[in-house]
Structures are given as C-alpha cells and as structure tokens.
Amino acid sequence: MEYKGVKGMGDILPQDAGVWQEIERLARIELESHGYQEIRTPILEETAVFVRSIGETTDIVSKEMFTFSDRKERYLTLRPEGTAPIARAYVEHSLDKVFPGIAKLYYIGPMFRAERPQKGRSRQFHQIGLEMIGSRSPQVDFEAIWRLNRLLKKIGLDGFTIKVNSLGCAADKINFSNKLKIYLKGEKDRLYEDCRIRIEKNVLRVLDCKNESCGHVVKNAPNILDSLCKDCDIEYKMVKSMLRSEKLEFVEAKNLVRGLDYYTGTVFEVTHGSLGGQDALAAGGRYDNLVKEMGGPDAPAVGFAIGIERVIIALGDKKNLFQKPTVLYIATLGHEAKMEGFRLAEKLNEELNKDRFKVMTLVDMEESSLKSQMRNANKNGAKLVLIIGEDELKEEKIVIKEMSGEKAQISIERDRALEDIRKRVC
Ligand code: HAM
C-alpha cells in the first residue's frame, strides 16, 4: 500500500528546514526586541470561535474550514487563522488584567484552509502573526504597519507593496454596504454569478473580485472612504500622515476590504510581484469589536499575519544567502580515537557556539573507513576535517584539513587546536 501526505499539506523536509528556522529566528528577534510576547494557542478550537468572528458568509467559514465532530458530538475546527483563537484566549484568561495597557502578542504556527492548492496556496500553511489588543489609537495602527514592514525587511524581502485602506467603524461599514448594494443591483447583469450572490451575502467582497467583468463594474462603485464618519476619517488620515512622515511608502487601495468580517477601521495588505495570482504576502487590520463580541472587555485591537510559504517564494534565490553553520567533520580511526574525537566535537561545539549558533560538528560514530568518512565530510559541505588516527592519539595531536582550495593540512597539538580552529571558523 502506498501512503501519501494529505492533499495540500506539504512536508518541510530537512534540506528545506534551514530557511524556515532562519525566518522564524529573525522574526522572533525583531518581535521580542520590540516588546512582543509569544502566545501559543491550540490548533483545534470549537467551531463557533471562527463562525462568530470571521463571519458565517465569508469564504473561510462557508467553504474552507476543516470541521468535524468529536466523540461527544462537539464541533471542532482546525484553526484557519490566529486572530480569533487569540481573542478567545484573551477573554478566557482575562489578559486585560495581565496587560493593563496594550497586550503585544505574536505567534508562529500552522493554519488550515480547504482551498484549492496552487502556487502559494496550500491547505496547511504557516503564519507569523502579531496582535496588539487594548488600544483604539491610530498610532498603534501605524506601529503595526511599521513593524510589518521592518519584519519583512529583516527577513530579507524587498520589492513589496504596502496597500492601505479604511473600512470605518461598524456603522460606517453598514452604511457603505447599503450604498454598494444599491449600486451593484443596478449592474447585476455584468457581474459573474458568485458576485451576484455576494450582493446579499457579503457585498464588500465584490470589491476585490478578480473577475474582469466585475472589475469594470467595481471601477465606478462608490468609494468606501466617502462613507467614513468624522472620527474614522480623522483616524485614517492620521495613520497615513504618520506613514508619510516616517517615509514608509504605501499605496491607498480603495477596494481593499479583506475577507474576514471582524475588521473595522484601517486595513492593509502587502503584495509581491513574484507570487502571481496569490499575491498577498501578508495582511491585517483593526478589529475593534472582536474581543467584546467574544464576551470580553471593550478592547479594540489591530494585527497582521505573514504567510511563511509565500515569503519563501518571494525570497527566491535570496533564501540561499541565509547563513548556514560552518561544518566541522571529525574523522577518527579506532575506538579510542573515536571517543577522543567525540570529546573534541563536544568541546568545539560548546566553545564555538557560545554567543550564536555558528558551528555544526559531525562525528562518525560507526566503524567507517577514513575514505568513507572523507566522502561524508564532503557530502555535508564540511569546511574542515579534523582527523584523529592512532598516531595522533599517541602524540596527542590532531590533523586539521581544509576542504576547499589547496586542501592544506597541518598537524597540531591537541591543546592548541581550539584556538587554531576558532581562527579558521570566525
Ligand atoms: P489572511 O489575509 O487570511 O489574514 O491571511 C494572512 C496571510 O496568510 C496571507 O496574506 C497569506 O500570505 C497567508 N495565507 C492565507 N491563506 C493561505 C493559504 N491557503 N496558503 C498559503 N498562505 C496563505 C489572516 O489570517 C488574519 N488573521 C490576519 C490578521 C491578524 N488580522 C489581524 N490580525
């Protein structure tokens, strides 16, 4: 019998895991050093957590959730995103008491959506997300967009576009939705079938439909920014003015509405040309009512999530530039030499990785011939091979062999080896 992975859920193989680790490492440094703390929620939640927050008529809830009932007939769902579970955890654990100001949280992990798999779109994918809960201030919107930009840059990305828009408060959204409905009903014949249904079910989504004919209709649709109330208008203008004053380039995208119902106020998306149809690298926005709607305090919030798979596509060849550790291969002959080699590897590993993970030590623990150990060293891209044979063991020496260029080698006293190797590695 042949077994295959579940459709749209890929394996991250050892040869590819390095770039994932590096992206996650850089993200953690950027976020933790700016005061964000990690939160880990379960992969499964009660289905209602998502239905209530993301919205019953959205694509995610109506078509894309992996939902099943457990043995007690409770409906559970593999999380399609991280914001709703975090709002749930914030309320359940009264995090407003733990973080009396803004709770600055981040998460890294897998999400699940039963979408049709294609380049940049899978059924299990991974997000790095950030949520700031507990403030209505537009400065916090600015900070979210700023941090997203910094994070993508730190990971090594450039050439992306930041798109910004505002949906206004809940009342503004209703006002605008009504105006849009009236307009779209008049143009119904030019819309494709799904969008005709959306007029009643999820009218805002017609605005970001990729269908050409719908695109023509949308061009002349009312502008959402004309429906903002005074406060929302002022707040949105403040966000844009802060972005401009800090020289953070962005484009205003009046049709950016986002596919999740919880958004209010500022919304944003980052796109990258390398991604084709699925061009959003990251997206987010404000969700002022979610925590309250989930039974919590009035805690307005803003956040975003970055898709790691898409980041890796957008990095292209740059992902090969991520610093890989220097490989030191310890080749030995005979049992005693092997144990000496083992001790050497442990010592080098400890000493050379003190401030940062720089060095990988590989030591052959089998009875392999020197020739096969050298082959292995080559295969693993070793910079140096450290050889301990019978002679070296007797004379308390080590042979250090460079694996590139002239492949020069020296024989050195065991107690001087560490300093010599340190110089060659750093
Ligand atoms: P989202 O726009 O649904 O927002 O997803 C954010 C990012 O996740 C996308 O821009 C994309 O990079 C990645 N992504 C989404 N679906 C897939 C997929 N099927 N395959 C690969 N990558 C995918 C959210 O999830 C919100 N929770 C973001 C947020 C946080 N808003 C406020 N706080």
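**Entry 1: Asn165**

I located Asn165 in strand β7, which spans residues 160-166. I note at the outset that the model is predicted.

Next I looked for polar partners of the Asn165 side chain. I found the backbone oxygen of Leu256 at 2.9 Å from this side chain. A polar atom of the Asn165 side chain also lies 3.1 Å from the backbone oxygen of Lys254.

I listed the contacts of Asn165, leaving out residues up to four places away in sequence. Among them are Ile224, Leu225, Tyr236, Ala253, Asn255, Gly265, Thr266 and Val267.

**Entry 2: the ligand**

I counted 27 residues around the ligand, and noted Glu81, Glu115, Glu131, Arg258 and Tyr263 as the closest. By class, the shell holds 12 nonpolar, 8 polar and 7 charged residues.

Which strand gives the most to the shell? I found that β10 does, with 6 residues. Strands β6 (124-133), β10 (280-286) and β11 (301-307) each provide at least two shell residues.

A polar side-chain atom of Arg113 is 2.8 Å from a ligand oxygen atom, and a polar side-chain atom of Glu131 is 2.8 Å from a ligand nitrogen atom. For Gly303, a backbone N or O atom lies 3.5 Å from a nitrogen atom of the ligand.

Finally, I looked up the cover: on its own the ligand has 660 Å² of accessible area, of which the protein covers 96%.

Technical notes: Residues are numbered from 1 along each chain as its sequence is written. This is a predicted model: local features need pLDDT of at least 70, side-chain atom pairs count only at pLDDT 80 or more; totals for chains, interfaces and linings use all residues. Side-chain values use heavy atoms; hydrogens and water are left out. Helices (H or I, at least four residues) and strands (E, at least two) are DSSP runs, numbered from the N terminus. A polar contact is a pair of N or O atoms within 3.5 Å; within protein, one must be able to donate a hydrogen and the other to accept it, and residues adjacent in sequence count only if both atoms are side-chain atoms. Contact means heavy atoms within 4.5 Å. A residue is near a molecule or strand if one of its heavy atoms lies within 4 Å of it. Accessible areas come from the Shrake-Rupley method with a 1.4 Å probe; for residues, only the protein chains shown count as cover. Ala, Val, Leu, Ile, Met, Phe, Trp, Tyr, Cys and Pro count as nonpolar, Asp, Glu, Lys and Arg as charged, and the others, Gly among them, as polar.
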